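Here's a quick briefing to read with the model open beside you.

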Amino acid sequence: MEPLTSLDLVVADKQAIATDIVRLVLRHAEGQMLPDAEPGAHIALDLDGLVRRYSLLHTGPELDHYSIAVLRTAQSQGGSHFVHDQLAVGDKVRVLELAHEFALQPDAPHALLIGGGIGITPLLSMAEHLQQQGQSFALHQIVHDATRQWPLAPDLPAQTHIGRSSLDLPGLLAAQVPGSQVYVCGPAGLVGAVRAAAAQLGWAPGRVHSESFGAAADASDGPLRVTLVQSGLSIDMEPGQSLLDALLAAGAWTGYECRRGVCGACLTEVVSGTPIHRDSIAPALRGHAMCTCVSWAEGPELALNL
Ligand code: FES
């Protein structure tokens, strides 16, 4: 985490670039240059009192703007709706932090970038950097439908796949040169499929780098009984299930946006139990809460203030 003690920027541009996705360009009101950002970085924004995190679409030194993409989510606590419906060109926004937690590994012979849905965003800055450096890489985006695809530059070594079944992950990974590194960002199922394909090929786990939406299961996870202390509900869960999805299915009122442990919208206070944090929220900001979209707990019991 960079020691960024907040930075006030102005919305210089706002454009719809795909169904339910807008791109914002943020600049300093007086034209000052912005702090350097590494490929894969994200920023935390104060959006009318809500803290939300978004990957930077472009990174590097000597940045005169930050650009981000925001997906409108159906069940939002307000962050994406605020951006889509209220935030306008000329409005001020405050950047609370600049974080580098999904970073490129230096000196790899090839980088394979795989983005599911809005998960393509951190990979765009990685692709831009690798292209500028003349390094070998390929970018694959997977979207549910064609209206959600990112408009990729024609000179980028990139492919778009409509529907996950249109991408043969085992075949793709098997075709990589030895020592290739994979960067995947998207739903937990996609991240899990990439990790499984890599494991089957005998790749060391450290060659797969990920940010996921949803539960990120680990082989050591055990079953959980989750008690919601306000509503009195108990939910029995198996490893690999999404705590957030289970809460929503049980009718608990909880918000979410990114589903990948970045925005903080799903932070829920832990009453008892020991969370296994798999988000990228700074511990000081997280406090006694956990991100239910990606995290699990040591079990067998977890109690949440819902
Ligand atoms: S939904 Fe964004 S951190 Fe959980």
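What follows is a short tour, grouped by topic.

This is a predicted model, so keep the ground rules in mind: local features need pLDDT of at least 70, side-chain atom pairs count only at pLDDT 80 or more, and totals for chains, interfaces and linings use all residues. Residues are numbered from 1 along each chain as its sequence is written, and side-chain values use heavy atoms, with hydrogens and water left out.

**Domain layout**

- The protein splits into domain 1 (7-99), domain 2 (111-213) and domain 3 (224-304), with bounds that come from an automatic or database domain assignment.
- Going by C-alpha atoms, the centres of domain 1 and domain 3 sit 26 Å apart.

**Where domain 1 meets domain 3**

- Here 14 residues of domain 1 are in contact with 15 residues of domain 3 (contact means heavy atoms within 4.5 Å).
- About 1,200 Å² is buried between domain 1 and domain 3, and carbon and sulfur atoms give 44% of that; buried area is the accessible area (1.4 Å probe) that two parts lose on being put together, summed over both.
- On the domain 1 side, β4 (50-55) and α1 (79-85) each put in at least two of the residues that touch domain 3 (helices are DSSP runs of H or I, at least four residues, and strands are runs of E, at least two, numbered from the N terminus).
- β4 gives the most to that side, with 5 residues.
- You'll find 0 salt bridges between domain 1 and domain 3 (a salt bridge is a side-chain nitrogen of Lys or Arg within 4 Å of a carboxyl oxygen of Asp or Glu).

**Salt bridges**

- The salt bridge count comes to 6.
- One of them joins the side chains of Arg148 and Asp20, at 3.1 Å from N to O.
- That pair ties together distant parts of the chain, 128 residues apart: Arg148 is in the loop between β8 (137-143) and β9 (158-162), and Asp20 is in the loop between β1 (7-18) and β2 (21-28).
- Arg148 is partly exposed at 31% relative accessibility, and Asp20 is partly exposed too, at 30% (buried means under 20% relative accessible area, exposed over 50%, partly exposed in between, with a 1.4 Å probe and protein chains only).
- Asp85 and Arg72 also meet through their side chains in a salt bridge, at 2.7 Å from N to O.
- Asp85 lies in helix α1, while Arg72 lies in the loop between β5 (66-71) and α1, 13 residues apart.
- Arg72 is partly exposed, with a relative accessible area of 27%.
- Asp279 and Arg286 form a salt bridge at 3.1 Å, N to O, and both residues are buried.
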